[in-house]
Amino acid sequence: MQDLSRKPDWLRAKLPNGPGYMATRKNVDEHALHTVCESAKCPNMGECWSRGTATVMILGNVCTRACTFCNIQTGRPPELDLGEPARVADSIKKMNLKHVVITSVARDDLKDGGASVWAATVRAVHYKCPETTVEILPADFRGKAEYLDIVLDAKPDIFNHNMETVERLQRPIRKTARYDRSLWVLEHAKSRNFVTKSGIMLGIGEKEHEVEQLLRDLRAIDCNILTIGQYLQPTKKHEPMDRWVTPEEFAHWKQWALDLGFDVVESGPLVRSSYHADEQVDLFGLLEKRKAEKAAASA
């Protein structure tokens, strides 16, 4: 029987430090950026910020959904900030980020789910920071293709949408989201030739055969990149943790997923959606592809 009250040794992250981390820390504070690194208490914040990678959260820091695994504040969001895209792009430029992951709270209070702000933010970052690659991690826009296309038309470099957990646990854990709808979101992005990515948590009550089916479902829609990490219960009010998943099990799932055909699999206790995201962009040559497309369009 595992003792869930104490973290095992393999889950002890290094304390953030170093000049790269401190520079990013200073800029985040100065420009009042919301980062999911902080909101979700990501254990890899020090490593990513030191590498010149950060995950910025737009559309405020109050979510309209109440997922039972997530520590982001739930409630009525503030008024829409139409100046946010330019401010985010300016901040990213000043931070000199190599790669930025942009995510957001769910904004079901807005007709388009925030799609117009999403698109404006991606375009602003491309314009102000042409050497910075952009990965986006949006909500599902309630399955509305017209709103998802607004975001895709802005041409992010990687499209990420997390499945989070197996089909059986979707309703108790994700509440408003749906398994089939999340698969559709990823499939729609793939139909428009985007590199697609998704992430799941282990240790939240899933069964082995359910994980296998989830990975098969993702490969059936040609998802390229997969991240697998340990679920950590944020507070006693959140979904209880089922078990500490061992490094050996994470290694098993990494190999299983690679054998299934994923191009990249990051699998480990401390892995989160943006872990080594900059390396994934380099692998697919996405910055060079975007520059070539821009040159061709202006020729």
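# Chatting through a predicted model

Me: Starting with E249, buried, exposed or partly exposed?
Reply: E249 has a relative accessible area of 23%, so it's partly exposed. Keep in mind that this is a predicted model.

Me: Ok, and what does E249 form a salt bridge with?
Reply: With R243, and the closest N and O atoms are 2.8 Å apart.

Me: R243, then: buried or exposed?
Reply: Buried, because its relative accessibility is 19% and the cut-off for buried is under 20%.

Me: How do D140 and R65 meet?
Reply: Their side chains form a salt bridge, 2.9 Å from N to O. D140 sits in the loop between β3 (133-137) and α6, while R65 sits in the loop between β1 (53-58) and α4 (84-95), so the pair ties together parts 75 residues apart in sequence.

Me: Why do side chains like that pair up at all?
Reply: Side chains of opposite charge can pair when their charged atoms come close.

Me: D140 and R65, buried or exposed?
Reply: D140 is buried, with a relative accessible area of 1%. R65 is buried too, at 6%.

Me: How about R87 and D81, how do those meet?
Reply: Through a salt bridge between their side chains, 2.7 Å from N to O. R87 is partly exposed, with a relative accessible area of 37%, and D81 counts as partly exposed at 32%.

Me: How many salt bridges turn up in the whole structure?
Reply: A search finds 20.

Me: New topic: α10. Which of its residues are buried?
Reply: F250, W253, W256 and A257. Looking down the axis of α10, the buried residues fall within an arc of 125°, so they line one face of the helix.

Me: What's on the other side of α10?
Reply: E248 and D259 are exposed there.

Me: And what covers the buried residues?
Reply: The cover for α10's buried residues includes β5 (195-202), α9 (208-220), β6 (225-230) and β7 (264-267).

Me: What span should α10 have, going by its residues?
Reply: It runs over residues 247-260, which is 14 residues, and at 1.5 Å a residue that should span 20 Å. The end C-alpha atoms are 20 Å apart, so this agrees.

Me: What follows α10?
Reply: G261, whose phi is positive, near 125°.

Me: Hopping to D157. Where does it lie?
Reply: In the loop between α6 (145-152) and β4 (158-160). D157 counts as buried, because its relative accessibility is 7%.

Me: What does the side chain of D157 reach?
Reply: The backbone nitrogen of V134, at 2.7 Å. The D157 side chain also makes a polar contact with the side chain of R290, at 2.9 Å.

Me: What lies 2.5 Å from a polar atom of the S191 side chain?
Reply: The backbone oxygen of H188.

Me: How far apart are S191 and I221?
Reply: They are 30 residues apart in sequence, and in space it's 9.1 Å from C-alpha to C-alpha.

Me: Zooming out, how many helices and strands does the protein have?
Reply: 12 helices and seven strands.

Me: How much of the protein is buried residues?
Reply: They make up 55% of its 299 residues. The protein exposes about 14,000 Å², with carbon and sulfur atoms supplying 52% of that.

Me: Last one: what share of the contacts with a separation of 6 or more comes from residues 24 or more positions apart?
Reply: 75% of them.

Key: Residues numbered from 1 in each chain as written. Predicted model: local features only at pLDDT ≥ 70, side-chain atom pairs only at ≥ 80, totals over all residues. Heavy atoms only, no water. Helix = DSSP H or I, 4+ residues; strand = E, 2+ residues; numbered from the N terminus. Buried < 20%, exposed > 50% of the residue type's maximum accessible area, 1.4 Å probe, protein only. Polar contact = N/O pair within 3.5 Å; in protein donor to acceptor, adjacent residues only side chain to side chain. Expected span 1.5 Å × (residues − 1). Arc of directions from axis to C-beta. Contact = heavy atoms within 4.5 Å. Areas by Shrake-Rupley, 256 points an atom, 1.4 Å probe, with all protein chains shown as cover. Salt bridge = Lys/Arg side-chain N within 4 Å of Asp/Glu carboxyl O.
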